[in-house]
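Trainee: I would like to go through this model slowly, one residue at a time. Could we begin as soon as it is on the screen?

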Amino acid sequence: MSLQSPTRNPLKRMQCKIFGHTYSVLRHYQTDQKEYECTHCKKQFTEDEYGQLAPLTPKLRRINEVMEKFYIFKSARRQSA
Ligand SMILES: [Zn+2]
């Protein structure tokens with residue numbers, strides 16, 4: 001899994017430093033959690049527990065996936081009850 005593929009174009013990275021990242025939604029979980037990728041530097045981000053964007057680490061992605069599984073499991077139980 002390559003979470004961060006460093007770009008070879010330093011100009012684009014400079015652009016992020018100056019203007020900030022340009023986020024595009026990479027993945028939208030059923031929990032309403034989202035993962036973003038910067039279209040310029042390809043860095044990936046997710047929302048942390050405070051709703052703030054944090055660099056996406058394998059640990060944070062794992063949490064997102066576990067939370068979604070739990071969410072699906074809960075809503076499946078609610079429907080069958
Ligand atoms: Zn960027």
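Trainee: Which residues does Met 67 touch, not counting residues up to four places away in sequence?

Mentor: Please keep in mind that this is a predicted model, in which local features need pLDDT of at least 70, side-chain atom pairs count only at pLDDT 80 or more, and totals for chains, interfaces and linings use all residues. Residues are numbered from 1 along each chain as its sequence is written. Two residues are in contact if their C-beta atoms, placed from the backbone, lie within 7 Å. With residues up to four places away in sequence left out, those that Met 67 touches are Thr 31 and Gln 33.

Trainee: How far apart are the C-alpha atoms of Met 67 and Gln 33?

Mentor: Along the chain, Met 67 and Gln 33 are 34 residues apart.

Trainee: Is Met 67 buried, exposed or partly exposed?

Mentor: A residue is buried if 20 or more other C-beta atoms lie within 10 Å of its own, exposed if 12 or fewer, and partly exposed in between, with C-beta atoms placed from the backbone. Because Met 67 has 14 other C-beta atoms within 10 Å, Met 67 is partly exposed.

Trainee: In which helix does Ile 63 lie?

Mentor: Helices (H or I, at least four residues) are DSSP runs, numbered from the N terminus. The run that covers residues 58-80 contains Ile 63, and this run is helix H2.

Technical notes. Helices (H or I, at least four residues) and strands (E, at least two) are DSSP runs, numbered from the N terminus.
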